[in-house]
Amino acid sequence: MDLVLIIVSAALVNNFVLIQFLGLCPFLGVSNKLEGAAGMAMATAFVLTLASVAGYMLTAWVLVPLGLEYLRIVAFIVVIAGLVQLTELLMRHSAPMLHRVLGIYLPLITSNCAVLGVALLNVREQHSLVESALYGFGAALGFGGVLVLLAAARERLAMADVPESFRGAPIGLVTAGLMALAFMGFAGFAQL
Amino acid sequence: MLTAVGVLLALLLGIGLVLLFSARRWKPDEGSVVEQINAVLPQTQCGQCDYPGCRPYAEAIANGEADINQCPPGGEDGVRALADLLGREPKPLDASHGETKPPMVAVIDEDRCIGCKLCIQACPVDAIVGAPKMMHTVIAGECTGCELCLPPCPVDCIDLVPRRRPFIWPVAGKPNTAGGSDDSAARARAHA
């Protein structure tokens, strides 16, 4: 039950994008088209889950036994950068079109603070290996779901009769704000 | 201090090795992007896009050097197909590269032809047969209607006439039936 709660908490109640405001750059950057957003959601999900697990292993098996906790952020960033590079290699091989669509936003997953955030929050919450993996997966679900939802909304908005001064980014930000308001309805749904 | 340096170095080395081997294992397949773009282009080889042919234009699109709206023979449908393929917004055809025309085929007025061979050199698809000081003719099934043979002709004996059936690029190994109803094609084939 606790494990389900972790996923629900990370995905909805403490949604990384809309409640904790992490990873806003790709959230607004690649939500213009549904297809690209779905690809980005999958790539980030892959990185988030793996980074969460790798972060746990690094902390529990290397940094804590050697008394090197102060290296945490540097070590996490190195691992995340490596994972993103791996994702890019895989994607360029298997989905070259998607790789082209995502463009600069794919390497920018490295600097997506949601990824580093998940790894650091795992340490703060003292999660076990399984809990870390589920927390990362839940965060990925939340990030991907919200990204796809916003992309779907923005695709419809592109067709809508929006006032001149609100076209493009402004209406996207307003939509994201409304989504964040809606997600506040989950508050208190699950405590963790 | 030394352990910290050692741990970080080991981490970097490990990630570097993993990335090295995965880069060897999953080689990027850049060519397939160009192939997919090339398959959408009409293969008239007309050069109206400012590139020497359809494949160079496909490479330029893949590299981000050329826009997707420079191909008049492909028309609005072609731009839309490219936009779908690349996940970009469709845009109107760039009029500075020419306008869309119905499928045409070149016809040589054989009474006026002086056998100068200049049109043979200009033809990008080798659809003109002829020898020095001999009458030339156009293989209608191969002609893409690109108009490149018009400027070099010193006696203006080449005309473009609307094609009876739309041009279909021949598949290697199969006889081309598109435009085969034009009797000049049969004559040219017998000639060759």
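Mentor: Let us start with handedness: helix 4 of chain A passes helix 6 of chain A in a right-handed crossing. The model is predicted, so local features need pLDDT of at least 70 and side-chain atom pairs pLDDT 80 or more, while totals for chains, interfaces and linings use all residues. Residues are numbered from 1 along each chain as its sequence is written, chains are lettered from A and ligands numbered from 1 in the order written, and side-chain values use heavy atoms, without hydrogens and water.

Trainee: Why is the crossing of helix 4 of chain A and helix 6 of chain A called right-handed?

Mentor: A crossing is left-handed if the near helix is turned anticlockwise from the far one by less than a right angle, and right-handed if clockwise. Helix 4 of chain A and helix 6 of chain A meet the clockwise case.

Trainee: What makes helix 4 of chain A and helix 6 of chain A oblique to each other?

Mentor: The axes of helix 4 (residues 72-94) and helix 6 (residues 113-125) of chain A come within 10 Å and cross at roughly 135 degrees. Angles under 35 degrees count as roughly parallel, over 145 as roughly antiparallel, 65 to 115 as roughly perpendicular, and the rest as oblique. The two helices of chain A are therefore oblique.

Trainee: Which residues make that contact?

Mentor: Contact means heavy atoms within 4.5 Å. Among those taking part are A:Phe76 and A:Ile80 of helix 4 of chain A, and A:Leu116 and A:Val123 of helix 6 of chain A. By class, this contact has nine nonpolar, no polar and one charged residues.

Trainee: What is known of helix 3 of chain A beside helix 4 of chain A?

Mentor: The axes of helix 3 (residues 34-63) of chain A and helix 4 of chain A come within 9 Å and cross at roughly 140 degrees, in a right-handed crossing. The contact includes A:Phe46 and A:Leu50 of helix 3 of chain A, with A:Val79 and A:Leu83 of helix 4 of chain A. Its residues divide into 16 nonpolar, four polar and one charged.

Trainee: How many salt bridges are counted between chain A and chain B?

Mentor: A salt bridge needs a side-chain nitrogen of Lys or Arg within 4 Å of a carboxyl oxygen of Asp or Glu. The count between chain A and chain B is zero. The contact takes 23 residues from chain A and 25 residues from chain B.

Trainee: What does B:Pro154 touch?

Mentor: B:Pro154 is in the loop between strand 3 (137-138) and strand 4 (158-162) of chain B. Leaving aside residues up to four places away in sequence, B:Pro154 touches B:Ile114, B:Cys116 and B:Leu118.

Notes: Axes fitted to C-alpha atoms, helices over the stretch in contact; angles between N-to-C directions. Helix = DSSP H or I, 4+ residues; strand = E, 2+ residues; numbered from the N terminus. Nonpolar A, V, L, I, M, F, W, Y, C, P; charged D, E, K, R; others polar.
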